[in-house]
Amino acid sequence: SEVPWYLLNGADGTHNVMFTLALGVAALAAFERLWEHRILCCCSILMTAWLAAWLEADYEWRGVLMIVVFYLLNMGKNTPVTLRRIMQLLFAFPLMMHYGIIGALLACAVIFLYNGTRGFIHGNVAKYCFYAFYP
């Protein structure tokens, strides 16, 4: 999806959100592997966030940290879902405010209202049509 991104935005030095998501997955993989070594784990996550900023990925370091924070806050299965969502909002709002308060409020509202179930897209045809449309 990088080619359509460049066709739409030109070579402005930015990348699409897929790079941010990939770096977020890399940070989560580092977290899973290095959890026993807390300092090394934190350093690897911070280095991944720095890499996102250096590469000028979409949402930069904020996107990577938000992925890690959401993962951490979703781990506590004994904690009520409503409390986990409120905690996610408390962390998401300051990170997203950089991109505008209206967008942060809308993102937080969607996160809070999500009930954990799959949406209205069912079946492979609809799924792959959305996959083809996204880039």
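Author: A disulfide is taken here as a pair of cysteine sulfur atoms within 2.5 Å. In general terms, it is a covalent bond between the sulfur atoms of two cysteines. By this rule the chain has zero disulfides. The sulfur of C43 is too far from any partner for a bond, because the closest cysteine sulfur, in C42, lies 7.0 Å away. C41 is likewise in no disulfide, its nearest cysteine sulfur being that of C42 at 5.5 Å.

The model is a predicted one, in which local features need pLDDT of at least 70 and side-chain atom pairs count only at pLDDT 80 or more, while totals for chains, interfaces and linings use all residues. Residues are numbered from 1 along each chain as its sequence is written, and side-chain values use heavy atoms, with hydrogens and water left out. The score pLDDT is the predictor's confidence in each residue, from 0 to 100. Its mean over the chain is 82, and 94% of the residues reach 70 or more. Helices are DSSP runs of H or I of at least four residues, strands are runs of E of at least two, and both are numbered from the N terminus. Confidence is lowest in helix 1 (residues 2-9), with a mean of 74, and highest in helix 3 (residues 38-54), with 92.

Accessibility separates the two cysteines. Buried means under 20% relative accessible area, exposed means over 50%, and partly exposed lies in between (1.4 Å probe, protein chains only). C41 is buried at 2%, whereas C43 is partly exposed at 40%.

C41 also belongs to the largest nonpolar core, which has eleven residues, including L23, F31, I45 and V64. Such a core is a set of buried Ala, Val, Leu, Ile, Met, Phe, Trp, Tyr and Cys residues joined through side-chain atoms within 4.5 Å. Helix 2 (17-34), helix 3 and helix 4 (60-74) each supply at least two of its residues. Apart from it lies another core, of eight residues, among them M66, M96, A104 and C108.

T20 lies in helix 2 and is buried, with a relative accessible area of 2%. Its contacts, leaving aside neighbours within four places in sequence, are A57, D58, Y59, E60, G63, V64 and I67. S44 lies in helix 3, is buried at 17%, and touches A30 and L34, again without residues up to four places away.

The loop between helix 3 and helix 4 holds E56 and also Y59. Most residues other than glycine have a negative phi. E56, which is not a glycine, has a positive phi of about 60 degrees, and Y59, also not a glycine, has one of about 70 degrees. E56 is partly exposed at 37%, and Y59 is partly exposed at 32%.

Finally, an unreviewed UniProt entry lists residues 13-31, 38-55, 61-77 and 89-114 as "transmembrane region". Its positions are given in the numbering used here, feature names are shortened, and annotations may be inferred rather than shown by experiment. Over residues 38-55 the model is 94% helix and 0% strand, with the end C-alpha atoms 26 Å apart. Over residues 89-114 the model is 81% helix and 0% strand, and the end C-alpha atoms are 12 Å apart.

Conventions:
Contact means heavy atoms within 4.5 Å.
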